[in-house]
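The following paragraphs guide a reader who meets this structure for the first time.

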Amino acid sequence: MAQQVRAVVARGKGSPVSLETIIVPDPGPGEALVRIQACGVCHTDLHYREGGINDDFPFLLGHEAAGVVESVGEGVTDVAPGDFVILNWRAVCGQCRACRRGRPWYCFDTHNAEQKMTLLDGTELSPALGIGAFAEKTLVHAGQCTKVDPAVSPAVAGLLGCGVMAGIGAAINTGNVGRGDSVAVIGCGGVGNAAIVGARLAGAATIIAVDIDDRKLETAQRMGATHTVNSQATDPVEAIRGLTGGNGADVVIEAVGRPETYRQAFYARDLAGTVVLVGVPTPEMKLELPLLDVFGRGGSLKSSWYGDCLPSRDFPMLVDLHLQGRLDLGAFVTETIALDEVEKAFDRMRNGDVLRSVVVF
Ligand SMILES: NC(=O)c1ccc[n+]([C@@H]2O[C@H](COP(=O)([O-])OP(=O)(O)OC[C@H]3O[C@@H](n4cnc5c(N)ncnc54)[C@H](O)[C@@H]3O)[C@@H](O)[C@H]2O)c1
Ligand SMILES: [Zn+2]
Ligand SMILES: [Zn+2]
């Protein structure tokens, strides 16, 4: 029997989100119904609400979540009712050209639930990143459920489902940060600070945090940054070069998603270094660079989709590191809020007051 639950819906471009009753179908073949315990508020949810991703309103927002599997559809064998899971937006297909070439973290044909969740009048909802977890229960593809050690608190586990994984993975998986490297991170929100944590886990010797907000830089220092640069007061390219023997950093991670910060990243890296773009730009943004500089500076310019993570490999490993006290995921949770406070959390995000607000159910 389909169920009615409360959920946060974005009905139109730029309008405040509303708390609505939605209809969640029973899981069909390959699907799972998950009772959500916690879901973080990511900047990408705000991008959806502002029409920056696409126009498929109404959206069911929320995608950084952990919860318990309530029921599964036909043919599901990997997860069972009662399992504690983190939801992922990379349920790899195993069949596409990326998967066949042994690079499933790029999977081009990831699975989502086939059935649609709807408003009471039958209007189909578009779940953010195929998840939609600002809801008491959500319907996903079973492959989107990654089992982890249930000893972890849901509020911190959920963050691995998007932003924190994206940041840690941008450093470790995409940027290939290694022992002794110098790393700069531009933009120290939830994603940028996770990149700092990832660089530290990987053994980086110098970690330079860049932001325009001193509060974010203080947090970055607690997370492991060895140096901080306020780029409103100081030219960040000069500052990063100055802190790296005049050369630039081995890896620069851009976690804002704007042309001017990308340009800073491009010029703040050493010759043959790596730029990782993990911030998400909007459709009207353009980048102009001298092609001779692109050639002459060498190295690689990479984008990081979801930290190039493989949920089944990375989520349990990071949860284990957290439970061993080697990865402080709790430091990312600025506040826990109720389901009807998501709009307020967006305001606080815009003001730079939070790393993560997390809805707990
Ligand atoms: N690639 C992925 O898979 C992925 C996953 C999750 C989020 N994201 C994206 O990552 C970006 C960051 O997300 P978040 O949740 O950390 O957002 P956030 O709003 O918490 O953080 C953004 C930070 O950038 C800083 N900033 C803004 N303008 C700046 C500038 N000109 N120079 C330096 N710093 C500046 C802000 O002060 C803030 O600290 C967003 O674009 C989001 O959509 C990407
Ligand atoms: Zn695939
Ligand atoms: Zn996200």
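This is a predicted model: local features need pLDDT of at least 70, side-chain atom pairs count only at pLDDT 80 or more; totals for chains, interfaces and linings use all residues.

Along the principal axes, the C-alpha atoms fill a box of roughly 65 × 40 × 40 Å. Buried residues make up 51% of the 361 residues. Among contacts with a separation of 6 or more, 71% are between residues 24 or more positions apart.

The domain assignment divides the protein into domain 1 (3–161 + 328–360) and domain 2 (168–304). Their C-alpha centres lie 28 Å apart. Nine residues of domain 1 and 11 residues of domain 2 take part in the contact. On the side of domain 1 that touches domain 2, three residues are nonpolar, five are polar and one is charged.

In soluble globular proteins, nonpolar side chains tend to be buried together. The largest nonpolar core here has 114 residues, of which Val183, Val185, Ala195 and Ile253 touch the most other members. Helix α4 (residues 163–174) gives the most to this core, contributing seven residues. Both domain 1 and domain 2 supply residues to the core, so it lies between them. The surroundings of Ala195 can be followed in detail: beyond its neighbours within four places in sequence, Ala195 is in contact with Gly167, Ala170, Ala171, Val185, Ile253, Ala255 and Val278.

In helix α6 (residues 214–223), the buried residues are Lys216, Thr219, Ala220 and Met223. Viewed down the axis of α6, these residues fall within an arc of 105°, so they line one face of the helix. They pack against α5 (190–201), β12 (206–211) and β13 (227–230). Just after α6, Gly224 takes a positive phi of about 130°.

Helix α11 (residues 342–350) has Val342, Ala345, Phe346 and Met349 as its buried residues. These cover an arc of only 105° around the axis, which puts them on the same side of α11. The face turned away from this buried side carries the exposed residues Asp347 and Arg350. The elements that cover the buried residues of α11 include β1 (3–10), α1 (43–49), β17 (335–337) and β18 (357–360). Just after α11, Gly352 has a positive phi of about 75°.

Most residues other than glycine have a negative phi, and most peptide bonds are trans. The peptide bond from Phe57 to Pro58, however, is cis, with omega near -5°; Pro58 is found in the loop between α1 and β4 (59–60). Leu129 has a positive phi of about 50° although it is not a glycine, and lies in the loop between β8 (126–127) and β9 (137–141). With 26 C-beta neighbours inside 10 Å, Leu129 counts as buried, because the criterion for burial is 20 or more. Tyr306, also not a glycine, has a positive phi near 60°. Tyr306 sits in the loop between β16 (300–303) and α10 (311–323), and its 25 C-beta neighbours inside 10 Å make it count as buried.

How values were computed:
Residues are numbered from 1 along each chain as its sequence is written. Chains are lettered from A and ligands numbered from 1 in the order in which they are written. A residue is buried if 20 or more other C-beta atoms lie within 10 Å of its own, exposed if 12 or fewer, and partly exposed in between; C-beta atoms are placed from the backbone. Helices (H or I, at least four residues) and strands (E, at least two) are DSSP runs, numbered from the N terminus. The arc is that of the directions from the helix axis to the C-beta atoms. Two residues are in contact if their C-beta atoms, placed from the backbone, lie within 7 Å. A nonpolar core is a set of buried Ala, Val, Leu, Ile, Met, Phe, Trp, Tyr and Cys residues joined through C-beta atoms within 7 Å. Domain bounds come from an automatic or database domain assignment. Ala, Val, Leu, Ile, Met, Phe, Trp, Tyr, Cys and Pro count as nonpolar, Asp, Glu, Lys and Arg as charged, and the others, Gly among them, as polar.
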